[in-house]
Amino acid sequence: MASRLRLAGENPGPRRSPGSVDAAGPEEGEAERWPEARREVTDLAGGSEVVHVPRFVAREAAWEWFDYLDKRIPWTRPTIRVFGRSAVQPRDTCYVADEELTDLKYSGHQPHAHSWDEFPVLKDILKAVHEALPGSHFNSLLLNRYKTGSDYVSWHADDELLYGPTPEIASVTFGCEREFLLRKKPTKSQASNGSGEVARKRLKVSAPQLKSFLLKHGSLLVMRGYTQRDWQHSVPKRAKASSPRINLTFRRVL
Ligand SMILES: O=C(O)CCC(=O)C(=O)O
Ligand SMILES: [Fe+2]
């Protein structure tokens, strides 16, 4: 049986952009890799926007990439600092970036920056993302692997200064589908009045806005505009999610 794993260097030839309509029709085999991708745009108001492409990569191609990433990425589970305490990060991670970029630091942790040249498949995926998002120039990538439903990422915003005020972040998912949540950050007055349920009811303030996206195998989700400034996101634990999920977030360090 032919291996599902496409090895480093065995890149497929030129292909149709995901979601693009090719007047001449797709080349043979291409339609399978890049299905006609439906885009759902969610306006979060205030200059924040999320674009969801549920079928960004065709199923089989996405499994090839999953297998490659699962086996070849040097995953680590670093110890990070959250609210002054040390804790093992509840998911595996790896960081890839252009050389000469400012080092990324989050939760007291500075990941080693791997080179794109170590993982040619990541260059393929980056190319596909660039083609789907004209004008984008991502130069770094944070990979996460959630081995089971007990792995998660808690509420946060990717609002580090090195990404600038309105970063575009493109997130590609492989493997087990998981829920991706977005919630509006409390405004300054809500925060100073207390944002708990009791305080909200007393002040007749509505609950924070919440949006949910089910991120399926082969999907793309893009956060842009002021989403990092005004919203937080998370992937909560899910007891029923028993198989691994790999997520790639492409970013641009300014
Ligand atoms: O796994 C995901 O879908 C999101 C990951 C994430 O938010 C991050 O790495 O900053
Ligand atoms: Fe994030």
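Strands here are DSSP runs of E, at least two residues in length, numbered from the N terminus. Keep in mind that this is a predicted model.

Stop 1: Start with the largest pocket, which has a volume of about 710 Å³. Its lining takes in 35 residues, and those closest to the centre are Arg-91, Ser-107, Val-153, Ser-154 and His-156. Now colour the strands that each put at least two residues into that lining: strand 3 (79–82), strand 4 (85–88), strand 7, strand 8 (153–156), strand 13 and strand 14. By class, the lining is made up of 18 nonpolar, nine polar and eight charged residues.

**Stop 2: the ligand.** Next, select ligand 1, which sits in this largest pocket. Show the residues around it: Leu-142, Asn-144, Tyr-146, His-156, Asp-158, Phe-180, His-233, Val-235, Arg-245, Asn-247, Thr-249 and Arg-251. That shell has four nonpolar, five polar and three charged residues.

Which strands each supply at least two residues of the shell? Pick out strand 7 (140–146), strand 13 (231–235) and strand 14 (245–251). Strand 14 gives the most, with four residues.

**Stop 3: the polar contacts.** Zoom in on the oxygen atoms of ligand 1. A polar side-chain atom of Tyr-146 is 2.5 Å from one ligand oxygen. For Arg-245, the distance from a polar side-chain atom to a ligand oxygen is 2.8 Å, and for Arg-251 it's 3.0 Å.

Terms used. Residues are numbered from 1 along each chain as its sequence is written. Chains are lettered from A and ligands numbered from 1 in the order in which they are written. This is a predicted model: local features need pLDDT of at least 70, side-chain atom pairs count only at pLDDT 80 or more; totals for chains, interfaces and linings use all residues. Side-chain values use heavy atoms; hydrogens and water are left out. A residue is near a molecule or strand if one of its heavy atoms lies within 4 Å of it. A polar contact is a pair of N or O atoms within 3.5 Å; within protein, one must be able to donate a hydrogen and the other to accept it, and residues adjacent in sequence count only if both atoms are side-chain atoms. On a 1 Å grid over the protein atoms alone, a cavity is a set of points where a 1.4 Å probe fits but cannot get out, and a pocket is an open set with protein on both sides within 12 Å along at least five of seven lines; lining residues have an atom within 4 Å of a point. A molecule sits in a cavity or pocket if more than half of its atoms lie within 2 Å of its grid points. Ala, Val, Leu, Ile, Met, Phe, Trp, Tyr, Cys and Pro count as nonpolar, Asp, Glu, Lys and Arg as charged, and the others, Gly among them, as polar. Grid points are joined across faces, edges and corners, and a volume is the space filled by probe spheres set on the points.
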